[in-house]
Amino acid sequence: MPNTFYVTTPIYYVNDVPHIGHAYTTIAADVLARFNRLTGREVFFLTGLDEHGQKVQQAAVKAGIDPQTHCDRLMPKFKDLWSQLHISYNGFIRTTDSQHQAVVQRYLQALYDKGLIYQAEYTGWYCTFDERFWTEKDVEKGLCPDCRRPVERVSERNYFFRMSRFQDRLKEHIQTNPAFIQPESRRNEVVGFLQKPLEDLSISRPKSRLSWGVELPFDRDCVAYVWFDALINYLSALEYLAPTPNASKFWPASIHLVGKDILTTHAIYWSTMLMGLELPLPQSIFAHGWWTVDGEKMSKSRGNVVDPYAMVEQFGADAFRYFLLREVPFGQDGDFSLTAFGSRYNAELANDLGNLLSRTLTMLANFSNNTIPQPDSQHETDQDCQLQHAASALFPSIDTHLRHLEFHRALETICGLVQSANQYIDKTAPWMLAKDPGNTPRLHTVLFHLTEALRFLTCAVYPFMPQTAETMKTRLGLSDNFSTPVLREFPRWGDYSYSGQTSKGPSLFPRKDSLPSDSHKSPKEPATIHPSTRNMEPSHTPEAKPAANQPVTSEVPHIGIEDFQKVQLKVAKILAAERVPKSKKLLKLQVNVGTELRQIVAGIGKKYVPEELVGRTIVVVANLKPAKLMGIESQGMVLAAGDKEVLELLTMPDEIPAGTKVK
Ligand code: MSP
């Protein structure tokens, strides 16, 4: 296997600010780049901007500035978003770079000299939006078959690339290289397209109609067709943006990631251009699906464009990266909604991964003084072996899935291990072991295995959620350096190196109970995020004023409904728990009651240890008059069963959002 990996995104038109579609491909490319770097391959990850052509020229005219100024103004928006999303590109190309333009001219001249470019009169139906001609049979009712906008009859002398010459070779290449176009359904579309005779490709535009482009070296009155210029970026970048010497080792590209709408230009135009230039074709072109928003096509006029900046601002880059790749198989279309986002965020990131880390760190703090204890082989059980077994399968599985661009499957595998580790905690109940010093060897063995699972997970989540991985690494005191090929060999259980103490910290993914969830969404509820609705917090219903000082007492045999209604019971989530010093019974809890955070002192400390409470969904009396218990203010009361002793805390399913009334 070659030890280089060259991944590209499309170069984006600078006619507007970046949106979710741009972010999607770039995040996917970033995951591949990061994973391949970890496995020791030399990676070149290219992204950039398509700055020529009619769309950009029109946008500049609309803005009342010249096209170059327009491009210079928009370019930082893309770079800034990539930095916010932690995109680790190696090269950022702009098609207005002089070096790129020189390469385009060189290739044009080479094809012209070979007789593969000729001049001819052409009359056809032109779609300004798609910047392409259509033939008579393509056009129906004067509309572009692609974008359904009106087309115009245009007649002009143009230069043509003899694309038709390469039709048979291309068909054969696709047939003999099944991985060349992916996924399979898209390959079939291209094969279908190639059943019809392939026409030659018009590759020039007269300057009189469009001047914003690369001038043809053999005709100063024309500029190159924007796609001819743009596709060459994949090669020109290697000449001035890739690490030298020997940047050519990156060609052919390992993978071009593109959206389904630009597969034809890549699979057919680009492939035949390369054939004309006698250069190898890329190893594969993968066409991903499109995002709709709440079931509708995303468009500026509908006002439903998902703004990646707003997502990052509110939920963090990693959660957004995670959702896009977890929710939908990469080749398929998908629907974006805050409901879907909220469900995944709360269930998989906050409850599962975030909680796993926080439970583990709390136990390491309480039971092993913030250090990773040594295991004792005499005290190992099947439970440990099962966890180890699940973890050992993690990297081979991620590797396989990423080779097939099954990001969602790779993440599913990660989620599986997170769940296994949480179950391992539940089953081994370290807090019970901690009650008896005789169990210390077993307790330490459990904590060791648990931390090993987290060490594997830290590395596995790195390509997807790089910041999260860095935080996990620091909190666990791991010495892994993700800028080095730590996955050259997959990690081995027990083969760790911890450089420091573990440390607790704020939640990795604080629960977002204000997000709509599947079971609580009304059909009309807007669940999109775009610039105009940046503030997503639901309007706060004013908290009912605490009822007058009227204790609820069991000595009263009957109460009327009006009395009961004075008691405000609410679902709450325990965010943190700790013992009240010098008290066996009292625990100090920080709980989220939906609209605010409360501190509640609860007499449940004989039944529960603090770390097993974090993340639980409970019921509290929300309007109890604040009181002080052992000098600590308690702003409410938890509900639990038990006559004298607490037997069980009243809990609710995790899907019920904090703040929900209990009646
Ligand atoms: N400039 C060309 C690409 C030239 S590559 C040599 C171009 N640019 S674009 O800015 O219009 O589109 C870039 C990418 O965004 C395409 O891959 C397209 O599929 C993707 N998307 C645009 N809207 C999208 C969604 N709603 N969902 C997912 N991706 C989408 O085309």
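## Before we start

A residue is called buried when its relative accessible area is under 20%, exposed when over 50%, and partly exposed in between (1.4 Å probe, protein chains only). This is a predicted model, in which local features need pLDDT of at least 70 and side-chain atom pairs count only at pLDDT 80 or more, while totals for chains, interfaces and linings use all residues. Residues are numbered from 1 along each chain as its sequence is written, and side-chain values use heavy atoms, with hydrogens and water left out.

## An enclosed strand

Let us begin with strand 12, residues 255-259. Helices (H or I, at least four residues) and strands (E, at least two) are DSSP runs, numbered from the N terminus. Five of the five residues of strand 12 are buried, so this strand is largely enclosed by the rest of the structure. Ile255, Leu257 and Gly259 point one way, while His256 and Val258 point the other way. In a regular strand, side chains alternate between the two faces of the sheet.

Which strands pair with strand 12? Two strands pair if DSSP finds at least two bridges between them. Strand 1 (residues 4-13) runs parallel to strand 12 and is joined to it by two bridges, with Thr8 opposite His256. Strand 13 (residues 285-288) also pairs with strand 12 in the parallel sense, over four bridges, and His288 is the bridge partner of Gly259.

Elsewhere, three strands form an open antiparallel sheet in the order 9-11-10. Strand 9 (204-206) and strand 10 (215-216) stand at the edges with a single partner strand each, so one side of each has no neighbour in the sheet. Strand 9 is joined to strand 11 (residues 219-224) by three bridges, and Pro206 has Cys222 as its bridge partner.

## The nonpolar cores

A nonpolar core is a set of buried Ala, Val, Leu, Ile, Met, Phe, Trp, Tyr and Cys residues joined through side-chain atoms within 4.5 Å. The largest one has 172 residues, and Leu85 and Leu257 are among those with the most contacts inside it. Helix 12 (residues 338-368) gives the most to this core, with 13 residues. Because domain 1 (4-289) and domain 2 (332-476) both give residues to this core, it lies between them; the domain bounds come from an automatic or database domain assignment.

A second, separate core of 17 residues includes Ala572, Ile574, Ile604 and Ile618.

## Charged pairs

A salt bridge is a side-chain nitrogen of Lys or Arg within 4 Å of a carboxyl oxygen of Asp or Glu. By this rule the model has 26 salt bridges. One of them joins Asp72 and Arg94, whose closest N and O atoms are 2.6 Å apart. Asp72 belongs to helix 3 (residues 67-84) and Arg94 to strand 3 (residues 91-94), so the pair ties together parts that are 22 residues apart in sequence. Asp72 is partly exposed at 36% relative accessibility, whereas Arg94 is buried at 13%.

Another salt bridge brings together Glu412 and Arg326 (3.9 Å, N to O). This pair links distant parts of the chain, with Glu412 in helix 15 (residues 407-428) and Arg326 in helix 11 (residues 317-327), 86 residues apart. Is Glu412 buried, partly exposed or exposed? With a relative accessible area of 41%, Glu412 is partly exposed, while Arg326 is buried at 10%. Both belong to a network of salt bridges that also links Glu327, Arg344 and Glu348.
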